There are 2 protein chains.
Amino acid sequence: MLAEPAAAMGVPLRLLAEAEGVSAAQVVPDHLVGDYTDLDTLREVVAGCAAVTFDHEHVPTEHLEALQQTLPVHPGPAALVHAQDKAVMRERLGAMGVPCPRSAVVATPGEVEAFGFPCVLKTTRGGYDGKGVWFVSGPDECAEAFAAAERAGVRVLAEEAVDFRRELSAQVARSPSGQVAAYPVVQSTQLDGICHEVVAPAPDLDPDLALEAQRIAMRLAQELGVTGMLAVELFETTDGRVLVNELAMRPHNSGHWTQDGAVTSQFENHLRAVLDLPLGSPEARAPWTVMVNVLGAEDETGRLYDGYPHALARDPRLRVHLYGKSLRPGRKVGHVNVYGDDLDDCLERARHAAAWFRGDLGEDSE
Amino acid sequence: MLAEPAAAMGVPLRLLAEAEGVSAAQVVPDHLVGDYTDLDTLREVVAGCAAVTFDHEHVPTEHLEALQQTLPVHPGPAALVHAQDKAVMRERLGAMGVPCPRSAVVATPGEVEAFGFPCVLKTTRGGYDGKGVWFVSGPDECAEAFAAAERAGVRVLAEEAVDFRRELSAQVARSPSGQVAAYPVVQSTQLDGICHEVVAPAPDLDPDLALEAQRIAMRLAQELGVTGMLAVELFETTDGRVLVNELAMRPHNSGHWTQDGAVTSQFENHLRAVLDLPLGSPEARAPWTVMVNVLGAEDETGRLYDGYPHALARDPRLRVHLYGKSLRPGRKVGHVNVYGDDLDDCLERARHAAAWFRGDLGEDSE
C-alpha cells in the first residue's frame, strides 16, 4: 500500500520480496526475491537506495545495525526493538512511567502463579494477529505458551488481564528531524485476536483521554527515537484510564482508514518520514470513517474480485482495497473504507461490504 | 496514474511501454517495451488480458479493430475515431445537432479565405497540447498548417475563432453496460495551448449551462458508444452558450483534480468502466479543488524531488503528484491539487506550489 503514494509522489521503491508474486511484488517493478534474515541479501537490495524501511518487525536487529552503517534505516534498530520485543518494551515504558498493564517475564508455571491468575501470556517476540498470545487461568494452561517460546528461542511475558471497555489506537508519524503528526485516536475492534473494525475518531471518547493517548504516542515516538509511523495500541479501561497494550513501528491496520479518511494517509506519511520530508496533515476529511477488514472465511465461501459488481453497485461511495492475495481462512485479503456524516450509516455500509466479500451474504448463505 | 487505483483494487495491469523507464513502466511490473503501431506487439501484450485500454489516442484504428475480435477494447475504435479525427468528430456532432464552432475541411489557402479570416486551422489528426493548431488571419499565414498536414498525411480543418469567456470541461465515465457518471463541470485555463490550471467546479457557472454541458457529455458518451472516461472540452462563449471544442476518450488533464477532490477519481472510474464494473460516485469531496500543472521551465530552473521540502512544509494539506519524468522545457512533469472551502486560498496555495516546482520562486529568481 506504500506503492500507491510512492507512485503519486514519483518516489522510486526497491523491494525485497519473500517470494515472486506476493502483493508488494505485484506493484513494485524494481524488486528482488530473497530472505530478509540474510545480511548479504539485505545489502544487495539497499545498494543505491536513499533510505530503508520495512513492513514487518522481523528483520534481525543486528542486520539493521549493519545496514545503518551505510544508509538511513527508519525506524532505526534502537527504536524498533521496542516493537520487536515485548519484554524490552514493558521495561522501558515502565521506566518512563507510561501507564501499562502490570507485567513480568516468567520462566515457569510457578512464576505465572506467583504473578497471579487469570493473566495473559505472550511470547516476547514474533507474535502478531493473536498468534503468540494465550489467556490462562491456571498453571495447567501455561504449557502451550512455554513450548512456543522455547521453540522460538524467546521468553514469556505475563501480563495482567485488563478489564477494558474497548481498544484504542493512537498513531503518529515522526520524521528524523523530529517533526511529529498525530492522527485522531481511533477505536479498534478485534475478532479472534485480529483487527476487524476501526472507527475514526473513537466514538464518545473523553477528549482528555484522547489527548492523553496522543501525548503518550508523541512522547514514545520522541523518547524511543521512532522514525516513520508509530501505532500505540491502548486499552481504555472500565475505570476510565488508558494503558499501552502494543507498539507497532510501521503503517498499521488501525490506520488503513486514513487512505480515504485523512488528508494524508499513514502510508504517505510513513514514506515522507522515512525520507525526512515534511509531514502531511493527519486531519480527518470527514466526521466519521469506518474501516472493516476483509478476511478469508473458514468455509472458503469468500469473494475477491467477483465481489465487486454487487459491492460497488450497492454503494457508489464505497472504497475497496484488495491486496492481490488469494483467499485463505482468516487471512487479511483486503479492507473497505466508508466515510460520511452519519456513523450508523457508515458502519452499516462498511460491514455489509466486508461481509459480502467474506461470503457471509448472498444467495449461498440464505 | 491508473496504476494507483489498480493497486488499491487489486487489479493486475499489463503495460505496453514505449521505452524502458518511462513513467508507467516505473510502477507497472508486468510491462513489455514495444511499438504501439505494430499489431504483433499489440497481440502479444493483450494475450490473457480481460480488456484493453490506452492512455493516448494514437493506436491505429485498424489495429484496435483487429484486437476487438479477441477481447473487449475500451473505448472501441468506432467511438475512438471521434477523438482521433477532428473532421470526423465535427461531421458527427454537426449531424447530431450538438453546438460546435462553425468548421470546414479545407485544402488550400483559398478555401480558408472562403471560410473566413480570422480562423483556427487544425490538423485533423495527431495534434495535442497546442501542437497542430494555428490561429491565422490571412492567406499568407496558412502555409505551416498545410505543410504539417501534408507531412503527417492528414487533412486541415478550419474552425471559427470563437469569442469565448473561458474554457470548460465536462467529464463523464461510461461503462459498456451503459452506466454513466458525470463529474462536476470544471473551468480549465490554458497557457501556450497547454492545460495549466483547473478549478472544480467552474466558478460562477450558470447552473443551466453546467447542466447543458453535462447533458452534451452524457449524450456524446451514449451516442458515440464511448466506454471509459470521456472529456468534452467546451468554450463558454461571451454570449452565454457552450460549444464543443475537443473530445478526449481517456483520463484527461482536466480531471486530475478528481484524485484528491472527488469520491472516485477519473482513473479509478476509467478502470471500473473498462472492466464493466459499477462506477463510483463522481461527487466532489470539498467545495473547491484547484489543480495546477507543473511544467518544465524554459530556463531549466525547475525543481522535481528537491522541491518537496519547501512545498510540503509550507502547506501540509498540499497534494503533489510527480510523474517520474525528467525536466524538459514545457513538459508536464507533475501537478498539484489543493482542496478547501475558500477558492482564493486554494488558488494561492496551488499556484505557489506549482510555481515553486517550476522554479519561478525562490532564491534563484529573486
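Mentor: Let us begin with A:G10, which is placed in the loop between α1 (3-9) and β1 (15-17) of chain A. Helices (H or I, at least four residues) and strands (E, at least two) are DSSP runs, numbered from the N terminus. The model is a predicted one, in which local features need pLDDT of at least 70, side-chain atom pairs count only at pLDDT 80 or more, and totals for chains, interfaces and linings use all residues. Residues are numbered from 1 along each chain as its sequence is written, chains are lettered from A and ligands numbered from 1 in the order in which they are written, and side-chain values use heavy atoms, with hydrogens and water left out.

Trainee: Is A:G10 buried, exposed or partly exposed?

Mentor: Buried means under 20% relative accessible area, exposed over 50%, and partly exposed in between (1.4 Å probe, protein chains only). A:G10 counts as partly exposed because its relative accessibility is 25%.

Trainee: With which residues is A:G10 in contact, leaving aside its neighbours within four places in sequence?

Mentor: Contact means heavy atoms within 4.5 Å. With those neighbours left aside, A:G10 is in contact with B:L322 and B:G324.

Trainee: Where is B:P278 found, and what does B:P278 touch?

Mentor: B:P278 is found in the loop between α11 and β13 of chain B. Its relative accessible area is 14%, so B:P278 is buried. Apart from neighbours within four places in sequence, B:P278 is in contact with A:Y308, A:P309, A:L312 and A:A313, and also with B:Q179 and B:R272. Between B:P278 and B:S177 there are 101 residues of separation in sequence and 8.9 Å in space, C-alpha to C-alpha.

Trainee: How are two copies of a chain related?

Mentor: In general, two copies of a chain are related by a rotation about an axis and a shift along it.

Trainee: Through which surface do the copies meet?

Mentor: They meet through the same surface, because 100% of the interface residues of chain B are also interface residues in chain A.

Trainee: How is the overall form of chain A described, and how many helices and strands does chain A have?

Mentor: Chain A has 13 helices and 15 strands. Its radius of gyration is 20 Å, close to the 21 Å that the globule rule gives for 366 residues, so chain A is as compact as a globular protein of that length. The radius is taken over C-alpha atoms, and the rule is 2.2 Å times the number of residues to the power 0.38. Taken along the principal axes, the C-alpha atoms of chain A fill a box of roughly 60 × 50 × 40 Å. Buried residues make up 56% of the 366 residues in chain A. Of the contacts in chain A between residues at least 6 apart in sequence, 62% join residues at least 24 apart.

Trainee: Where does B:L230 lie, and is B:L230 buried or exposed?

Mentor: B:L230 lies in strand β11 (residues 228-237) of chain B, and B:L230 counts as buried at 0% relative accessibility. Leaving aside neighbours within four places in sequence, its contacts include B:A170, B:Q171, B:L220 and B:M249. B:Q171 is 59 residues from B:L230 along the chain, yet their C-alpha atoms are separated by 5.6 Å. B:T237 also lies in strand β11 of chain B and counts as buried at 2% relative accessibility.

Trainee: Which backbone angles deserve a note?

Mentor: Omega describes the peptide bond: from A:H74 to A:P75 the bond is cis, with omega near -5°. A cis peptide bond also joins A:A200 and A:P201, with omega about -10°. A:P201 is placed in the loop between β10 (194-200) and α9 (207-224) of chain A. A:D204, found in the loop between β10 and α9 of chain A, has a positive phi of about 55° although it is not a glycine. A:D204 is exposed, with a relative accessible area of 71%.
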